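Subject: Structure for your review

Dear colleague,

Please find the sequence and the structure below. My findings follow them.

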Amino acid sequence: MTTTRTSTMTTVSRISFEHRRDALGIGASQPRLSWMVQTEAEAWRQTAYEIEVSEPGGEPRTRTGPIASEQSVLVPWPCAPLTSRQRLAVQVRVWGNDGCVSDWSEPALVEAGLLQAEDWSAQCIRPAWDEDPSIDQPAPLLRRAFTVRPGLASARLYITALGVYEAEMNGVPVGDHVLAPGWTSYHHRLRYQTFDVTELVREGANAIGATLGDGWFRGRLGYSGGRRNIYGEHVALLAQLELRYADGSMERVETDKSWHAARGSILSSSLYDGETYDARLARPGWSQAGYDASDWAGVTVVAWDKATLYAPDGPPVRRIEERPPVAIFLSPSGRTLVDFGQNLVGRLRIRVQGRAGTTITLRHAEVLEHGELGTRPLRLAKATDRYTLCGEGVETWEPRFTFHGFRYAEVEGWPGELCTEDLCAIVCHSDMERTGWFECSEPLLNQLHENVLWSMRGNFLDIPTDCPQRDERLGWTGDLQVFAPTATFLYHCAGFLQSWLADLAADQRDVDGVVPFVVPDILHHDAGGSAGGAAVWSDAAVIVPWVLYQRFGDTGILARQFESMRSWVDVMAERAGPGRLWNTGFQFGDWLDPTAPPDRPEAAPTDKYLIATASFAYSAELLSRAAGVLGRQDEARHYSELANEVRRAFVAEYVTANGRIVSDTPTAYTLALAFGLLSEEKQRASAGKQLVGLVRDSGYHISTGFVGTPLICDALCSVGAYDAAYRLLLQRECPSWLYPVTMGATTIWERWDSLLPDGTINPGEMTSFNHYALGAIGDWLHRVLGGLASASPGYRRISIAPRPGGGLSRATVRHQTPYGLASVAWRIANRQMSLEVVVPPNTTAVVTLPGSDEASLEVGSGTHRWVYAYTLADTRPKLTLDHPLSAFLDDPQAGAIVTATLSRFIPQAGVQMQGASQGYSALPLRAILSMLPNTGEISAAIEKALADLNERSQESQTEVNLPEE
């Protein structure tokens, strides 16, 4: 290929390796490369690329030459595999269909970690003293002094812990990680971190130290009291500091018996219960050179398999944001409460001055009840931090080894008056890159989306948890399975979830292919005579890898998880047997259906085995597709036929010839439609009609649980019932997505009524105010309301197809795809639709103009705009008393007239109208009114109000569709 022109308009940027922004200490010997292109050229497509690899600041050691390819995401490593510790600089340039070549990109650095177990010479060590493993222990300090010769070129610290750690060198914290190394299935996979500590090391005397906390390793985990010491009874440190000199020599300072240990000022640290710190016990200078550690204890070596050590796939947990209080006030009982205005996850940082020995107690909760801290939902989690002052000037403190889910804090023992500048909330979560944004003309929907975002932030703290506040905080597979599409739009979480899936596969192998309910698996749950495994929850093994492939275009994730995916589908096939109906054993069912009693969340009306068989068919189908992507054609055919067999069994067992389903519930019809279980169009049309009817009969309130709720809007749209989907979305009465918003929620709740209308907390024991699962509606907001979706894996081809509805006049959605920023903005005003679309370089988009008869358009990269006449069809029938009650349930304005009129004459009748049952929906309104006293007067009032409404609707339709804001 001959270069003829260099383009200054086209640049290469954002080079990344294996989904990692920071490639220091990467664990892959052949990391795949991705890059983005910025260009002013329209419809730009890459035609070739060239990669140059060199020693940092040195001459190129590999240059590929131009490679004809459009690929710019997860491109194969271009040269010999990295060896442990090897550091290289990578540059890229690209050719486009405009005939131009870009300049070389800025060098992107990649450095391998310790890739082999043999690279580790350090030993795991713990304090030599005896400990009582049945109670919380003080956090030990471990240290060692060392000397650095002249001529140091670089220093790397490879470090991990059994427990959690914070490292220091010469009195300075190493890195900014929180609760490192995080939580994995430790006996299978223990992450280590790599730090460049060259700037922290100095010639001559030095010291290194670390503080250890219980964390997930030996701290209390699980509900109903939980268990301690799940992974071991002692915390320990593994650290290897490698000093490289200019002459090529290397020295190591590693954990071994030469280290010393002492108890520090953290008296206890618990993820659930909080941290207790006594500043009077601090050891100033303990991690600095020259500190006298002669009275410190020795250490003991702990056996640990180095083959379990892995470099991280995703980002660490960090302090992401600081939020000051919005109010400080007294509760009715006289307690000092602080409101941070947002339900968040993290801890408090305080600045205080007072007498030595003064203890400040900080209690945390998500809500208030009767004006006091609402701690009952925390169950057995104390969520309490304590700080005892040393009395030396202004003291600043933040817990190290705990986190809380809270909006409110109760402060006890503060010396003097508490002011807003004395404390702030530190928001902590895995430091993922934000990639998705949404905004529309309805403020309540904007707040709902913000609540979804905050619930993801709070629950993506090293693993995807169900909730962040009570005595649980576990990686429930079902929660993540339903939320994965939303999560992958909002944040670049491929590496984060890839790590979690690796733990899922490891724990799954321990129980013969059965997928645990939580990952890492601390429950060892035995349900129904098996080692766990349930529909929807365990299907995370199949569905989550498929979602990651669809959103990031990474076939490597499918390849790594394929055996896990197949093992789970094979387990379902074994449990179902030759009849292909999974109708035995434990199932969660349509968990938390709103009709279920507070103390029985599993008591849903949808047949749990219908759900199990539907999920079996869907997972088998996805596994077949994954096999096809990977070129495993025999397995693709096998699992495709298995999926067909399960679908046929489902229809034979649960579906009539006319499309009625045995469980006549919205969730049953939703699964049948969303999972493609009905092959006959007659059955599909009937199921769609029945689903719409059930949604209408609910008064457009949520009537689905954990299984149906994430899918119901898509199921409605699949049969053309967009109006019903919008009515359901925009419902404000409980149960609905917007009811919590009207109650002041700033995160997604576990239950629709976690907070009752009177401000009291739901009486059920299981009540959380930060549970992202029901926030899965976010994916529908992005794809359907906003209109931005992936049309091919990894957004190489983008679908632009907004479906306005619900009276909304505008929406904007943006997503940072692997190729760059894509966005859609639509607006309706003055009988016109304006649509603006941004398509990133090296992609194309299929655009369907809403409300237009034009065929879909295919466009290339760049900014595209359309403005055209947009007339809302007058779909409102001119309702009279002779229309069925269902017509009034479908029309919010007419329904409100009937309800208000009835309430004026017969208050109880108005309440009944709001919750009209299926038995009356087909009757004409006139017939229903004839059963009431004063029927003539009531009927006349309703007729007059309906006539006025019809006249106003006609005038509005003639003048303008929607007002300009």
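How many cavities of 30 Å³ or more does the count come to? The count comes to five. This is a predicted model, in which local features need pLDDT of at least 70 and side-chain atom pairs count only at pLDDT 80 or more, while totals for chains, interfaces and linings use all residues. Residues are numbered from 1 along each chain as its sequence is written, and side-chain values use heavy atoms, with hydrogens and water left out.

Cavities

A cavity here is a set of points, on a 1 Å grid over the protein atoms alone, where a 1.4 Å probe fits but cannot get out; lining residues have an atom within 4 Å of a point. Grid points are joined across faces, edges and corners, and a volume is the space filled by probe spheres set on the points. The largest cavity has a volume of about 80 Å³. It is lined by 14 residues, of which W737, P740, I748, W749 and W752 are the closest to its centre. Helices α2 (443-459) and α13 (739-742) each contribute at least two residues to this lining. Helices (H or I, at least four residues) and strands (E, at least two) are DSSP runs, numbered from the N terminus. The lining of the largest cavity comprises nine nonpolar residues, four polar and one charged. In this division, Ala, Val, Leu, Ile, Met, Phe, Trp, Tyr, Cys and Pro count as nonpolar, Asp, Glu, Lys and Arg as charged, and the others, Gly among them, as polar.

A pair of helices

The axes of α5 (residues 540-552) and α7 (residues 608-629) come within 10 Å and cross at roughly 45 degrees. Axes are lines fitted to C-alpha atoms, for helices over the stretch in contact, and angles run from 0 to 180 degrees between N-to-C directions. The angle therefore makes α5 oblique to α7, a class left over when angles under 35 degrees count as roughly parallel, over 145 as roughly antiparallel and 65 to 115 as roughly perpendicular. On the α5 side, the contact (heavy atoms within 4.5 Å) is made by V542, I543, W546 and Y549. On the α7 side, Y618, S619, L622, L623, R625, A626 and V629 take part.

Backbone features

A cis peptide bond joins C734 and P735, with omega about 0 degrees; P735 is in the loop between α12 (722-730) and α13. Another cis peptide bond joins A180 and P181, with omega about 5 degrees.

Yours sincerely

Notes. 1 Å grid on protein atoms, 1.4 Å probe; cavity = no way out; pocket = protein on both sides within 12 Å on 5 of 7 lines; lining within 4 Å.
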